[in-house]
Each structure stands twice: as structure tokens, then as C-alpha cells.
Amino acid sequence: MSAGPRVIAAVLAGGVGARMGAPAPKQLLPLDGRPIIEHSIAAFEASPEVDEIVVLMVGEYVGRVEEIVADAGFAKVSAVLPGGATRTETSYAALSATASAADSDLVLLHDAARPLVRPATVAACVRALGEAGAAGVAVPSADTVVRVAPGRSGGEAIAATPDRSRLRRMQTPQGFRLGVVRRAYERAMADPDLVATDDCGVVLRYLPEEEVRIVPGEETNIKVTNPGDVEVAETLLRRMRAHAAVEAPPEAGRTV
Ligand SMILES: Nc1ccn([C@@H]2O[C@H](COP(=O)(O)OP(=O)(O)OP(=O)(O)O)[C@@H](O)[C@H]2O)c(=O)n1
Ligand SMILES: C[C@](O)(CO)[C@H](O)COP(=O)(O)O
């Protein structure tokens, strides 16, 4: 038994996948023969730092995810619960599901739609929480990113070109000491003007005194969002497996 804080991963799968336009939520689409959500859960199941996993799923598909969990033999999954109407409400539901954990324990919030996250990234996120109350995985932007405003005669115009060297694209997991994220969400849920697109942003906005640490991520940790992204994820998965095989060739005489 580890002496450190308990680490709970919450896999957020409460979205319907409107942009994907598939008949069922995109996290159930097959990726290399297994549902996307199974890959996402598997990364945390394989992470030695993680003690427990909760899954938040679109209400009518909770039973389907329970079957996926049982068939895959995921031993760390303690509950599959309904998500909320927005991603932020699903994150809040995940925090409510961890009510019996201590403020000093850790929670990792992860998009089910990011099936290619690697256990090494999960480990880096947990390590960062040894030094900060909040930490999110992110990558630099290869593109110049601009802020837009309404154009003088219609359309959009550029209002600002922020210094790209200081911009990052946020991914997940985003990890927190539970006491920190609980306080931030208490304030956020009481704010009628709450607008949030990720959980680090909630902590930054409602607990500005907390440092939110950046954990260097990987370009391959894509969010399957639009039609065509599953094919991109398949290609990346094949490439990641090929690299892993080169780094750790099978032992002589061992069949794979
Ligand atoms: N009410 C919601 C909305 C989103 N999510 C989850 O948050 C992650 C990122 O959201 P996104 O990619 O936007 O997924 P969807 O909301 O399903 O997609 P869309 O916006 O196209 O409907 C996904 O794993 C999604 O299931 C969630 O748990 N609960
Ligand atoms: C949390 C997130 O994945 C960070 O990039 C992203 O903001 C989720 O956005 P979505 O519109 O809910 O997909």
C-alpha cells in the first residue's frame, strides 16, 4: 500500500459528440477494434500511480460502459456514473463522486475523447502535483494564434497576435489536489456567469492565488472531435506502437 495521497482518475465521457455526428457518442466508436473509451480507461488502469478510476458517461449508455469495463477486466474502476449537461457539470459530478476522499488526495480529470494518452504523461501529471495544487498537460502551438474581433465591415478581424512562445494548447489529464479543485468548483458552480472550457481554467479563474503548473504533453494525445479524427488516431496509434516496439524489442525466443 502506498503511503502517499490516493490518486483517483475521472474519465469524462458525458458528451454526445455533436461535431462527430455519429449515431452514438464518439467515445463508443471503434479505434483499432476497441471502443475509444476503453483505450482511455486502459491508460489509467496501466498507470501504477493511479489507485481508482471513475467514469462519467452519457446517462443512457452507462450500462454499455459497465459492460466494456467488465469485458476488459478493469479492476480499478469503482463506478460508472451519469455525466452532466456540459463538460464542466460532468467534472463537478466527478468531484462529487470522490466525496469520501481526503482534500490531500489527488484527482486527474481526463477526456474520454483522448484515447492516446500515455501512462508516462499520467505519471508526469501526478509528479507535478507534488509541487503544485493544480497541473495540466499542454503542448506548444506550432501555429500563430490570434484573438479576433468583429471586422469593421463584417466578418472577423485580428485584434491581437499574442507572443506564441508563451502560448500552449491544453490537453488532459489535468490534475488537482482535491482540496484545491473542490474550492474552485464550489465558487464556479455559484457563479451564474460561469464559462469554462477546461478544469485548469476553473482553478485559475476562481483561485487565482494557486499556481497551475504546465506539464509538457505530446502531440499524439489528440482529442477525437471531428469526422476523420478516428482515422488520424488509428495512424498515430500504429506509429506509437511501432516506436514502442523499436525502443523495447521483444525478448529473444519470446512470441508476441
Ligand atoms: N456534457 C459533457 C460534455 C463533454 N464531456 C466530455 O469532455 C470531453 C471533451 O469534450 P468534447 O470533445 O467537446 O466532447 P463532446 O461534448 O462529446 O463533443 P461535441 O462538443 O462535439 O458534442 C469528451 O470526452 C466528452 O465526452 C463530458 O464529459 N460531459
Ligand atoms: C479540456 C480540453 O480538452 C482542453 O483542450 C478542451 O478544452 C475540451 O473542449 P471541448 O470543447 O469540451 O472538447
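These questions and answers set values from a predicted model against the definitions behind them.

Residues are numbered from 1 along each chain as its sequence is written, and chains are lettered from A and ligands numbered from 1 in written order. In this predicted model, local features need pLDDT of at least 70 and side-chain atom pairs count only at pLDDT 80 or more, while totals for chains, interfaces and linings use all residues.

Q: Why is valine 11 called buried?
A: A residue is buried if 20 or more other C-beta atoms, placed from the backbone, lie within 10 Å of its own, exposed if 12 or fewer, and partly exposed in between. Valine 11 has 28 other C-beta atoms within 10 Å, so the term buried applies.

Q: Where does valine 11 sit, and which residues is valine 11 in contact with?
A: Valine 11 belongs to strand β1. Helices (H or I, at least four residues) and strands (E, at least two) are DSSP runs, numbered from the N terminus. Contact means that C-beta atoms, placed from the backbone, lie within 7 Å. Leaving aside neighbours within four places in sequence, the contacts of valine 11 are Ile37, Ser40, Ile41, Ile53, Val55, His110 and Ala112. Leucine 109 is 98 residues from valine 11 in sequence, with 6.3 Å between their C-alpha atoms.

Q: How do you know that β1 and β4 pair?
A: Two strands pair if DSSP finds at least two bridges between them. β1 and β4 have six bridges, in the parallel sense. In one of these strands, β4, valine 55 is the bridge partner of valine 11. Five bridges also join β4 to β5 (residues 77-82), again running parallel. There, isoleucine 53 stands opposite valine 77 in β5.

Q: Is strand β4 largely enclosed or in the open, and what about β9?
A: β4 (residues 52-57) has five of its six residues buried, so the rest of the structure largely encloses it. In β9 (residues 156-160), zero of the five residues are buried, so β9 lies largely in the open. Four antiparallel bridges join β9 to β8 (residues 147-150). β8 and β9 form a hairpin with five residues between them, and glycine 154 in the turn has a positive phi of about 100°.

Q: What makes the span of helix α5 agree with expectation?
A: The expected span is 1.5 Å times one less than the number of residues. For the 12 residues of α5 (residues 178-189) that gives 16 Å, and the end C-alpha atoms are 16 Å apart, so the two agree.

Q: What makes the shell around ligand 2 what it is by class?
A: A residue is near a molecule or strand if its C-beta atom, placed from the backbone, lies within 6 Å of it. Arg87, Asp111, Met170, Gln171, Thr172, Thr197, Asp198 and Lys223 surround ligand 2. Ala, Val, Leu, Ile, Met, Phe, Trp, Tyr, Cys and Pro count as nonpolar, Asp, Glu, Lys and Arg as charged, and the others, Gly among them, as polar. The shell therefore has one nonpolar, three polar and four charged residues. β10 gives the most, with three residues.

Key:
Two residues are in contact if their C-beta atoms, placed from the backbone, lie within 7 Å.
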